[in-house]
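Hi everyone, thanks for coming. Please have a look at the sequence and the structure on the screen, and then I will walk you through some parts of it.

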Amino acid sequence: MKADYLRFVTVVSVIVIAASINRLFAVPPGPLGVHSGNPRYFDDSTGKALYLTGAHTWAEFQDYYVDTPFTYSDWLGQLVGWNHNFMRGWTWEDDYYLPMPFTQSGGKYNLDTYNATFFERYKSRIQEAADNNLYLSIMLFQGWSVQDKGGSRIPDPWPHHPYKLSNNNNNIDGDTNGDGEGLEVHTLQIPAVTALQEDYVEHFIDELNAYDNIIWEISNESHSGSESWQYYMVDHIHSYEAAYKPKQHLVWINVGESEIYHSANHADIVSPSGSTIFRTDPPAASGQKIVIADSDHTGPLKVTYDWAWKNFTRGNHPILMDCSYDGLTWSTFNLDPTNPKWQQMRDALGVTRTYANQMDLEQVIPQNGGTSPSTTGYCLYQTTRQYMVYQPGTGSFNLSLSAGSYRYDWIHPLNGTYQTDILIWGGGSRTFTPPFSGKVALFLFIREEPVAVIDANPTIGLKPLTVNFDGSGSYDPNGRIVSYQWDFDNDGNTDATGVTASHQYTEVNDYIAALKVTDNDGMEDTATVNISVVYPLGDFDSDYDVDQEDFGNFQQCMTGTGNPQNNPECQKARLDSDEDVDLNDVVTFIGCMSGADVPQNNPACVPLN
C-alpha cells in the first residue's frame, strides 16, 4: 500500500512580495542566448534557463498619434510592480508616431541619413529598462505602417510612410503596383528598397549593439507573402553582428503558424500569427525554437488569464498586448481600462514568473495534452523532481508522481496566494482536490535541504578580534531560508540570529563558528568556519607584548640569510615567508615591538602561519 502522509500548513503570499523578491533577479551582463540544455528557454548569459513574460503597448518608443499622455518611466514601474521581466518595444514606420528614424530636408525624408534624436531616445529607454531589470525587444519594421489594416481603428498609414514616393528625397517608390498601399516594402521585390533596409538595420545594430537586454524583432504582423523578406532580414542581422560586432543578439520573427518552423526561417524566437490555438489550447513547445505566445497575434481582446497559464505550462513565454493601459487604445474599441480582465492577465503573468524562478527550467519538459502525467493536460515537469500543473477546469484531477517526499503549493492563478502541504508518496497516480474553487495551479517539488554558506572576515588576528559573519551566500534549491542561527564558539547555543552577525573574540584560542540555516519545510544545514586568535609576531613568552625580553630570545635564533632555522623553539623567530632568521626578520620584529606590558594589537603583526 502506498504511503500518503500530509502535513498541512497555510501560507498567504501576495504578488507584491513576489515582485520585490524577483527584483533581485537582475539583468546579468551579456546578451540573451538560447539555452543549450533546454532550448525552449533563454540563457541569461550565466547558464541559467530564463522565462520571459510581460506586457507591451504601442507608445513605448515613439509618441502616439492620439493625444493621450504616456509616461515611459511610469510604464516601466507598472511592469516591475506586476513582476514582469520583458517588454515588447514597438516601432512604427509611419509618421503618425514620432520621432522618426530618418532626417528630413525640404519636408521629405532622407532614407539614407538618420535622426540622432530617434536613436538617442531608444538608447535612453533601453538603459532605463535595464536599470529596472527588464529585457525588451527592438522592433525594426511595422506591418501596420504599410497597409490600411485597421479601417476606422487608426488612420490609413501609407500616405505618411517615408517609402511613399512623394515622401522621400531618394526617388523610392514603395508602391510599384499603385494600389495605394506599400506591401512591396516588406518583400524583396524592389532591390533599392532592400538595400536601404539593410543599411537601416545595420544602423540600428551600430547604435544599439552594446546593450545586453535587447533582442531584435523583425516586424509586427507583416502581411502573408512577406515571409521570405523576413527570413532575409533575420539572416542579415545574424551575419552582420557576427562579422562586425562584439555581441550577437537573438532575433525574433512573427509569421503564420505554418511558417514558424520553415527550413528557411533561421530566427531564434518565433511568435505564430493568426492562430487561435495558442489562445485556447497551445501546443507544447518542442524546443525547435523559443516560442513567445503574444496575445497580440491570437486575438488580443479575447484572451483571459487562462491563456497565460496554459502557455506557461506548455513551455511557451506568454506576453500581453495591453490594449487598455492608461487609455491607449483603438478609438472604436471603447475599451474600459477598469475592466478587471486586464489586471487579471497582468497579475497572472507575474505569478507565472514567480514560480518559473523557483523551478529548474533547465530540466523541464511540457505535457502536450493527454492525461499523463496530469489529467488536466497542462503540466510542466521533470520526472522525480518537480511538477507544475494547471487546472483550467474545476475540481479534482490526477497526477502521476514518482516516489518521494514533496512539498506542494496550491496556487491561486491570479493573485499568487497559496497553501502549502507536505506529501510523502510511494509512487503512482494520486488524486488532488484543490482547496480553492475555480481554476487553480499546483506546484510540487522534491524537498531538498538548504545549503549553509559562511563568509567570515577576518578569520585570524590579534585579540580582541572582531569577526564579521555573512550567511547571504546560503541558499535553498527549491524553497526559501527562514532562519539563520549563529554559534560563535560551537558550544551548541545560539549566540545571534539573522543573515549577518559579528562577534568579538577576546582570548587567544582556536574557535569553530557555526551557522545553521532552516528552510520553510523545517529542513536544516550547518556550515562551520575556523577562527584563530593568536599571539603577535615576536611574542616569545606569550604575554602579548613584544619587548626587550622577546628580543633577547629572538637574537638567539638568528641564523643569517640562506641558513634555515629548524629548531622548534625558534619557529616564532621566522617572521617572514622564508626559512632563515636574518636581518629581514629583525626589521619585522622591530616594527612590532610594543614595549613591556604594552599589548601589541597592530593587525600588521599577525603571524603568517
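Helices (H or I, at least four residues) and strands (E, at least two) are DSSP runs, numbered from the N terminus. This is a predicted model, so local features need pLDDT of at least 70 and side-chain atom pairs count only at pLDDT 80 or more, while totals for chains, interfaces and linings use all residues. Residues are numbered from 1 along each chain as its sequence is written, and side-chain values use heavy atoms, with hydrogens and water left out.

Let's start with helix α2, residues 72-81. Its buried residues are Y72, W75, L76, L79 and V80. They cover an arc of only 140 degrees around the axis, and that puts them on the same side of α2. The arc here is that of the directions from the helix axis to the C-beta atoms. Just after α2 you will find N83, with a positive phi of about 70 degrees.

Now please turn to the cavities. Rolling a probe the size of a water molecule over the atoms shows where empty space is left. On a 1 Å grid over the protein atoms alone, a cavity is a set of points where a 1.4 Å probe fits but cannot get out, and lining residues have an atom within 4 Å of a point. Grid points are joined across faces, edges and corners, and a volume is the space filled by probe spheres set on the points. How many cavities of 30 Å³ or more does that rule give? The count is two. The largest cavity has a volume of about 60 Å³, and its lining is E93, P101, F102, F141, H161, P162, Y163 and Y200.

Next, a single lysine. K245 sits in the loop between α5 (227-244) and β11 (251-256). Taking contact as heavy atoms within 4.5 Å, and leaving aside neighbours within four places in sequence, K245 touches I205, D206, N209 and Y240. From K245 to L462 there are 217 residues in sequence and 53 Å in space, C-alpha to C-alpha.

On to the strands. In a regular strand the side chains alternate between the two faces of the sheet. Strand β18, residues 397-401, has F397, L399 and L401 on a covered face, and N398 and S400 on an uncovered one. Five bridges join β18 to strand β21 (residues 428-432), and the two run antiparallel. L399 has R430 as its bridge partner in β21.

There is also an open sheet of five strands with mixed pairing, in the order β24-β30-β29-β26-β27. Two strands pair if DSSP finds at least two bridges between them. β24 (460-462) and β27 (496-497) stand at the edges with a single partner strand each, so one side of each has no neighbour in the sheet. β26 (residues 481-487) runs antiparallel to β27, joined by two bridges, and W486 stands opposite A496 in β27.

Now for helix α9, residues 548-555. D550, F551 and F554 are buried there. They cover an arc of only 100 degrees around the axis, which puts them on the same side of α9. On the other side, Q548 and E549 are exposed. What covers the buried residues of α9 includes α10 (583-591).

That brings me to the cysteines. A disulfide is a covalent bond between the sulfur atoms of two cysteines, and here the cut-off is sulfur atoms within 2.5 Å. A search of the whole structure finds two. One joins C557 and C570, with the sulfur atoms 2.1 Å apart. Both C557 and C570 lie in the loop between α9 and α10, so the pair ties together parts 13 residues apart in sequence. The torsion about their S-S bond is about -75 degrees, so this disulfide is left-handed. C557 is buried at 3% relative accessibility, and C570 is buried at 7%.

The other disulfide joins C592 to C605, S to S 2.1 Å. Both C592 and C605 are in the segment after α10, so here too the pair ties together parts 13 residues apart in sequence. With a torsion of about -105 degrees, the disulfide of C592 and C605 is left-handed. C592 is buried at 5% and C605 at 1%. Counting bonded cysteines along the chain, the pattern is 1-2, 3-4.

Notes. Buried means under 20% relative accessible area, exposed over 50%, partly exposed in between (1.4 Å probe, protein chains only). On a 1 Å grid over the protein atoms alone, a cavity is a set of points where a 1.4 Å probe fits but cannot get out, and a pocket is an open set with protein on both sides within 12 Å along at least five of seven lines; lining residues have an atom within 4 Å of a point.
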